[in-house]
Amino acid sequence: MREQSPFTVRFWGVRGSIACPGPRTVRYGGNTSSLEVRCGDEVLLFDAGTGIRYLGRALEGRRLDADVYFTHTHFDHVCGLPFFRPLFEPQNRFRLWAGHLRGAMTLKRVLAEFMVSPLFPVPPEVFRSNLEYRDFSAGETLATPKGVQVRTSVLNHPDGATGYRVDYDGRSLCLVYDTEHVPGSLDRNVLALIEGADLVIYDAMYTDDEYRRYVGWGHSTWQEGIRLCREAGAKRMVVFHHDPDHDDEMLDGVAREVERALPGSVVAREGLVLEP
């Protein structure tokens, strides 16, 4: 029997909206979204929240040829990019992808306007690595240089967002966060993306009870994630993009409930490594 190639996801930042370090978030972590996916020797990075700084320190000094996929470009998903040390190393090559922008508002322009004085002291031109900016339309299927398939889908979020599905060596990983559901109506785009998936990382910013106060804010609940996974036949779910006010004790309670609802499912924490 052929041995499967390594396929992992590591969580470097798991929060939404704003970083929230402190004693009440020490076990699950307080950094915003940053994930590292390994498909054999290929490196796929998703989002550049504050967690990417720690990922950069772990990768510093290695020669990298990697893809960076943005779900969208709200501040909590890009604010760590200027502090990602591998971007300053000339031997490295990165392709930066975004599927939610339209017309003149390209990814390159967004990052240039984010890193502009007096908001930031230096522009993206300070990066010394080889950078390629690649805008696409959510819904397209992308491919890495070595042929890993990355499917994409439109998500329901203010200013737009993109969901991703990585299929590799017979397994599948889905990243579906910064998306809002409509109560009582399962999102058809999400269902199509996660159908039969081995592992689904889902936006669980709120609980169903909390969501009533945040309609229109662009986020979902862990209970809706379970409903979607059951309907789509997905095997396991990861609760992700935690509200800054959800402390360790509260997330412990969610972890118990989500395991009962869909066995094998977990709550994301910094440093967690999973295989689809």
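**The cavity and its surroundings**

A: The lining of the largest cavity has seven nonpolar, three polar and no charged residues (Ala, Val, Leu, Ile, Met, Phe, Trp, Tyr, Cys and Pro are nonpolar; Asp, Glu, Lys and Arg charged; the others, Gly among them, polar). This is a predicted model: local features need pLDDT of at least 70, side-chain atom pairs pLDDT 80 or more, while totals for chains, interfaces and linings use all residues. Numbering runs from 1 along each chain as its sequence is written, and side-chain values use heavy atoms, without hydrogens or water.

The count is one cavity of 30 Å³ or more (on a 1 Å grid over protein atoms alone, points where a 1.4 Å probe fits but cannot get out; lining atoms lie within 4 Å of a point). The largest cavity holds about 40 Å³ of space. Ten names make up its lining: A204, Y206, T207, W222, V239, H242, H246, M250, L251 and V254.

Now the helix pair. From helix 6, W222, I226 and R230 meet V254, E257, V258 and A261 of helix 7 (heavy atoms within 4.5 Å). This contact divides into five nonpolar, no polar and two charged residues. W222 and V254 belong to the cavity lining and also to this helix contact.

Elsewhere, two loops carry backbone features. A cis peptide bond joins S117 and P118, with omega about 5 degrees. P118 sits in the loop between helix 3 (107–114) and strand 6 (130–135). D178, a residue other than glycine, has a positive phi near 60 degrees. Its loop runs between strand 10 (171–176) and helix 4 (188–194).

Definitions and conventions
Helix = DSSP H or I, 4+ residues; strand = E, 2+ residues; numbered from the N terminus. 1 Å grid on protein atoms, 1.4 Å probe; cavity = no way out; pocket = protein on both sides within 12 Å on 5 of 7 lines; lining within 4 Å. Points joined across faces, edges and corners; volume = space filled by probe spheres on them.
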